Amino acid sequence: MTPASSKPRVLTGDTPTGRLHLGHWVGSVERRVALQKDYDCYFLLANMHAFTTRFDRTADIRQDTIEIVKDWLAAGIDPAQSTIVLQTEVPAIAELTWYFAMLLSFKDVMGNPTLVHELKTKGLEEKYSFGFPMYTVGQCADILAFRPVFIPVGEDQEPHIEMCRKVARKFDQLYCNVSDRTADQDYEKAGGLFPIPKALIGRIARLPGVGDGTQKMSKSLNNAIYLSDTSKEVQKKINKITTGRQSPTEPGNPDNILFKFVEAFLADPARIAELKDRYSRGDNIGDGHIKQELAQSIDALLEPMRARRVEFEKPGGDDVIIDIIKAGTKRANIVAEETLYRAKQAMNMDFGKRTIS
Ligand code: ATP
Ligand code: MG
């Protein structure tokens with residue numbers, strides 16, 4: 001077997017602000033499951049990022065951290081193959097965040113379009129903390145601590161990944177003498193510590209939430225279908241999708257929110273094409289019927305996940321999860337400490353190697 005460390009690395013993660021939903025699946029988790037055999041994968045539990053908005057609800061962050069790992073395992077992530085990392089137990093991430101904060105301008109951070117959008121949609125505009133925008137810098141450190149080549153994420157993360165690439169280029173140019181004319185793929189070859197990692201945007205870049213489809217599906221916006229939802233909950237939530245169409249004979253728009261879901265979750269492309277055709281002609285096909293078919297398809301996707309989850313819902317299940325988190329984080333610290341040490345050497349900040357257990 002190839003040792004994990006000789007494979008190219010992948011890093012991505014989720015914020016424990018709630019359970020995982022279908023947006024996570026199509027945006028990133030599905031790809032993670034597919035990549036874990038051929039890549040050295042690190043999946044990060046961004047509990048410090050959850051703390052930036054929920055510092056008054058720390059018990060929730062702790063429980064959501066555990067629930068997300070259950071969702072990962074249920075979805076098919078294998079902790080024997082992939083490394084599960086708890087952000088707050090990797091000190092190198094917090095330290096790199098400080099250094100990286102100096103490599104970005106205040107404007108880079110505050111002008112990040114995803115951050116600006118979050119301040120609006122999460123009702124934070126008037127009251128966000130001094131620390132909240134730091135999560136964007138922290139995310140550069142989450143990623144670069146593992147020096148990955150790929151970051152599988154949803155579309156909303158693109159500005160964050162661009163920031164991270166900017167930090168990597170700047171660090172390599174400033175401290176590793178890499179020329180600013182170097183092509184992104186050649187930074188390591190040219191002596192840079194950090195590769196310039198690439199975002200892998202999911203099959204569905206941005207799944208809308210249930211409702212009118214204006215917002216993305218999000219844990220924080222109360223519009224999500226969770227991977228752990230029951231069949232009944234799935235059907236109930238799918239029924240909340242609104243298209244404004246009045247009758248089965250009214251010609252509909254096959255690019256509307258309902259069809260975003262159809263394209264994401266119906267397995268048979270021929271059936272999708274048929275539904276689109278009949279819908280656009282108003283050929284006696286009701287929204288209600290499509291929603292039923294959709295809910296069945298989603299159910300077929302979630303059923304094996306529910307079955308795998310049962311194992312961890314038993315008494316003592318949380319302890320098993322905590323052990324998995326600890327074991328993964330220990331492995332992760334070896335890589336992150338090495339990165340930090342090399343970064344400090346490059347910056348003339350090294351005063352001897354340290355060990356953390
Ligand atoms: P929060 O509302 O707390 O920000 P979230 O639902 O946006 O939570 P994150 O933990 O921020 O979830 O995102 C984890 C990963 O899932 C990211 O790669 C993100 O791009 C992806 N993702 C989240 N929501 C969607 C979505 N609706 N469609 C596609 N990808 C998504
Ligand atoms: Mg988010």
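Is Arg 354 buried, partly exposed or exposed? In this predicted model, Arg 354 is partly exposed, with a relative accessible area of 36% (buried means under 20%, exposed over 50%, and partly exposed in between, with a 1.4 Å probe and protein chains only). Local features need pLDDT of at least 70 and side-chain atom pairs pLDDT 80 or more, while totals for chains, interfaces and linings use all residues. Residues are numbered from 1 along each chain as its sequence is written, chains are lettered from A and ligands numbered from 1 in the order written, and side-chain values use heavy atoms, without hydrogens and water.

Arg 354 forms a salt bridge with Glu 337, the closest N and O atoms being 2.7 Å apart (a salt bridge is a side-chain nitrogen of Lys or Arg within 4 Å of a carboxyl oxygen of Asp or Glu). Glu 337, at 12% relative accessibility, counts as buried.

The structure holds 32 salt bridges. In one of them the side chains of Arg 271 and Glu 293 meet at 2.7 Å, N to O, and both residues are buried. A network of salt bridges links Arg 19, Glu 67, Lys 70, Asp 71, Arg 309, Glu 313 and Asp 318.

Ligand 1 is surrounded by 22 residues (each with a heavy atom within 4 Å of it); Thr 17, Asp 156, Lys 216, Ser 218 and Ser 220 are the closest. An N or O atom in the side chain of Ser 218 lies 2.6 Å from an oxygen atom of ligand 1, a polar contact being a pair of N or O atoms within 3.5 Å.

Conventions:
Polar contact = N/O pair within 3.5 Å; in protein donor to acceptor, adjacent residues only side chain to side chain.
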